[in-house]
Amino acid sequence: MSSAAEQVHHDEHHDHHAPSGIKRWLYTTNHKDIGTLYLWFAFIMFLTGGAMAMVIRAELFEPGLQIVEPNFFNQMTTVHGLIMVFGAVMPAFTGLANWMVPMMIGAPDMALPRMNNWSFWILPFAFLILLSSLFLEGGGPNFGWTFYAPLSTTYSNDSTALFVFSVHIMGASSIMGAINVIVTIFNMRAPGMTFMKMPLFVWTWLITAFLLIAVMPVLAGAVTMVLTDKFFGTSFFNAAGGGDPVMFQHIFWFFGHPEVYIMILPAFGIISQIVPTFARKPLFGYASMVYATASIALLSFIVWAHHMFTTGMPLFAEMFFMIATMLISVPTGVKVFNWVATMWRGSLTFEVPMMFALAFIVLFTIGGFSGLMLAITPVDFQYHDTYFVVAHFHYVLVTGAIFSIMAAAYYWLPKWTGKMYDVTLAKWHFWCSLISVNLLFFPMHFVGLAGMPRRIPDYSLQFADFNKWISIGGFAFGLSQLIFLALLIKACKKQGEPVSARVWEGAEGLEWEVPSPAPYHTFETPPVVK
Amino acid sequence: MKKGVLKRAMAVLALLSASALAESNGESMRLNLTKGVTDISQQVYDLHMTIFMICVVIGVVVFGAMFISMYLHRKSRGAKPANFHESTKVEIVWTVIPFLILIGIAIPAAKTLIAMEDPSNPDVTVLVTGSQWKWHYKYMDNDVEYYSVLATQPEQIHNKFEKQQNYLLEVDRPLVIPTGQKVRFLITSDDVIHSWWMPAFAVKKDANPGFINEAWTRVNEPGIYRGQCAELCGKDHGFMPIVVIAKEPADYQNWVDEQAEIQRKAKEEEQKLLAMNMSMEELMENGQKVYQSTCAACHQGNGEGLPGIFPALKNSPVATGDVKHHIDVVVHGVSGTAMQAFGKQLSLKDLASVITYERNAWGNSTGETVQAKDVNAVIKGQ
């Protein structure tokens with residue numbers, strides 16, 4: 001539908017009317033520009049949060065306090081978590097949604113382009129506020145990214161106000177992003193693009209967007225209550241004033257558990273796009289994939305208290321949350337089985353996106369297994385708040401969510417730039433990441449089972465050997481990401497071989513119908529989907 | 001690619017099975033969950049191994065199918081893609097089978113959970129109170145109570161002395177409980193949330209300020225067991241270990257009677273102290289010790305505090321101003337802040353000496369001494 005002539009016309013159109021330089025990026029309402037902004041922002045935040053992880057791993061390299069004091073260590077674990085969740089993973093997925101959702105459903109742009117601009121441009125301010133709080137007297141937030149009261153209220157320092165404000169801005173940004181995705185998908189699908197024809201990435205993002213709208217206000221409520229408890233004398237979480245500190249955890253995890261799925265459902269979508277392409281075979285069980293995603297999303301609202309088994313809940317509640325949590329493994333298992341069935345009797349090739357996707361399937365599933373183990377309440381009493389939990393959520397978030405984002409970048413980057421990236425560098429990036437990430441996170445299972453608690457700056461001697469290896473893995477994984485940075489800079493300079501519109505032999509979907517690089521405006525005339 | 005992934009998978013499995021086997025090799029390099037020393041902790045261990053093995057088997061099947069497919073169905077081997085993409089039968093099978101497996105795990109898990117959550121009919125009850133960053137134990141059936149704090153020297157933590165065997169896992173006064181009897185723990189907190197965790201008993205329960213949680217154990221073997229606080233509770237969260245000594249019931253009874261006697265005598269001594277005056281040197285010497293063990297974690301050894309978090313005492317209005325106000329702050333704490341009420345934590349002598357020390361150290365030269373009777377007057381509200 002978009003001929004070369006049209007493309008030239010669009011580019012001219014753009015050159016004549018759009019501002020250039022920094023103003024192009026500040027004022028842009030184009031979904032592709034905003035997608036690029038989100039992705040670069042997420043990558044910068046990924047490196048920033050990663051640098052904090054390096055501080056953590058350097059301190060934990062051997063027993064004793066060497067590099068940082070415990071209070072600063074706690075700030076590092078807190079801000080590392082906040083940045084990786086709200087600054088790296090979520091904006092990266094929003095960036096991918098901005099780029100790909102309109103192109104996948106045959107829409108010319110996002111439905112609400114000006115709000116799109118705003119939802120991105122408030123994000124850098126949120127993180128500037130958060131990061132600048134680290135430089136205040138007394139330092140930034142030091143109560144863990146879960147900011148349990150009363151550690152975050154009565155016992156926190158004054159920078160808590162900045163933390164609350166920045167979380168509010170992040171939440172507003174996420175909600176606007178989510179509204180945009182829903183409105184776009186509901187209203188701007190090309191003729192013939194029925195719901196059950198939508199690519200899985202679009203489906204998973206649609207469901208994710210509903211989760212975001214449901215729970216980000218809950219987070220906003222939680223931080224507001226923390227703010228008023230700390231500064232305005234309320235007692236939501238203070239037993240002395242009739243409140244309950246455990247209620248904070250109920251509210252936080254009512255947000256926090258769906259949040260976990262917010263960070264993994266789009267990843268499922270990405271893998272469901274990539275595996276069929278390189279298996280040259282349609283996705284197995286498309287409908288069951290959609291239903292599984294929806295059931296995971298629904299179940300995610302009734303499992304929150306599995307994060308709180310040790311808080312002293314009634315037996316009935318412990319049973320309920322154990323069983324509900326175990327149930328989630330059923331639809332999640334269906335997804336993994338479907339990916340394997342998609343590969344079965346396909347015609348497989350192993351390009352870089354597929355390498356990341358395969359690593360995702362194996363390593364995410366390992367994270368799923370430890371998740372199932374954590375669901376068993378009596379055993380969770382032993383696992384809870386140890387490195388076993390740290391291993392678990394880093395398997396699902398790093399080798400899960402982040403590997404899927406990298407797979408997505410390697411999958412769609414040629415479509416964005418029109419050039420094939422440096423495949424040798426990409427393979428180096430993959431293998432270095434794969435080996436180091438397992439050296440980093442796998443031994444954490446063992447130190448956790450052996451009894452090492454989370455969030456401690458110093459540990460007893462029995463854990464020394466493993467922590468050394470974990471730190472070495474951490475440094476190697478951090479350095480491996482610089483290969484990715486080099487690759488991205490080369491790609492943005494438009495170096496490399498030009499690619500065809502389809503890019504990958506087995507690629508199916510509307511995004512592969514437009515030329516590479518994708519013109520500034522696509523699908524001004526909607527395509528017709530058969 | 002395929003070889004690499006296969007190798008990794010093998011390595012992963014090898015590590016996993018190593019973790020299962022290495023357990024028997026003793027304490028030094030434990031890689032697996034402890035079996036512990038109670039019937040409950042043994043059940044928990046068995047559940048852990050069951051679910052772990054189920055995961056390994058599922059992993060072998062699923063990853064096995066994936067790797068077989070990656071080997072057999074490669075384009076480079078000339079594989080032609082099939083076109084199937086749906087099978088309701090298969091979908092039902094792999095929904096129902098996991099479901100049945102889950103029911104199989106849930107039943108024994110529920111049984112163990114019900115047993116763990118039944119603290120009724122205890123033989124001994126101990127009130128466990130967490131505070132930043134120490135544990136307090138109070139025997140509800142005897143007049144015995146005390147604080148239990150980290151015993152590792154700061155010099156070991158700051159790498160000036162060599163680290164000893166029980167680095168960070170040693171306390172000045174361990175909790176003592178009898179073997180073979182049902183010991184109930186009532187767990188609460190004075191400030192933020194802590195979590196009392198003893199891996200060998202499979203007991204981990206949060207200490208919530210203003211609420212009391214219950215847990216219980218029945219230890220089969222005498223011994224010394226070590227654990228740690230498991231919930232982030234501020235700066236020194238990593239430095240509040242738990243040590244429990246389990247003694248034969250007769251030994252336990254002797255110990256608890258002895259402690260009750262010691263504590264009764266100490267209270268008598270304290271009353272005598274009210275009539276005496278201690279010298280400045282005595283007060284300063286004892287005060288420095290108490291300050292280092294009790295106050296320095298927040299206000300720092302040099303009295304300068306941590307700006308923005310813990311206030312300085314050096315040149316502070318409290319430590320150089322009205323002495324009654326100073327005593328009041330130390331004895332009753334400051335509500336809404338991390339400043340604890342030390343009136344119930346320290347003896348009159350220690351309170352008097354530490355306040356004297358704070359008023360005369362680091363250039364705070366008030367020259368005043370504070371005596372036990374001055375502190376007692378504030379405590380009694382005079």
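In chain A, helix H8 meets helix H9: A:Thr208, A:Leu211, A:Leu212, A:Ala214, A:Val215, A:Val218, A:Leu219, A:Gly221 and A:Ala222 in H8(A) touch A:Phe248, A:Ile251, A:Phe252, A:Phe254, A:Phe255, A:Pro258, A:Glu259, A:Tyr261 and A:Ile262 in H9(A). Contact means that C-beta atoms, placed from the backbone, lie within 7 Å. The model is predicted: local features need pLDDT of at least 70, side-chain atom pairs count only at pLDDT 80 or more, and totals for chains, interfaces and linings use all residues. Residues are numbered from 1 along each chain as its sequence is written, and chains are lettered from A in the order in which they are written.

- Nonpolar means Ala, Val, Leu, Ile, Met, Phe, Trp, Tyr, Cys and Pro; charged means Asp, Glu, Lys and Arg; the others, Gly among them, are polar.
- The axes of H8(A) (residues 200–231) and H9(A) (residues 245–262) come within 9 Å and cross at roughly 155°.
- H8(A) is therefore roughly antiparallel to H9(A), a term for angles over 145 degrees.

**Chain A against chain B**
- The contact takes 86 residues from chain A and 85 residues from chain B.
- H12(A) gives the largest share of chain A's side, 14 residues.
- Chain A's side divides into 52 nonpolar, 26 polar and 8 charged residues.

**B:Ala207**
- B:Ala207 sits in strand S7 (residues 203–207) of chain B.
- B:Ala207 counts as buried because it has 28 C-beta neighbours inside 10 Å; the cut-off is 20 or more.
- B:Glu231 is 24 residues from B:Ala207 in sequence and 8.9 Å away in space, C-alpha to C-alpha.

Note on methods:
Axes fitted to C-alpha atoms, helices over the stretch in contact; angles between N-to-C directions. Helix = DSSP H or I, 4+ residues; strand = E, 2+ residues; numbered from the N terminus. Parallel < 35°, antiparallel > 145°, perpendicular 65-115°, else oblique. Contact = placed C-beta atoms within 7 Å. Buried ≥ 20, exposed ≤ 12 C-beta atoms within 10 Å, placed from the backbone.
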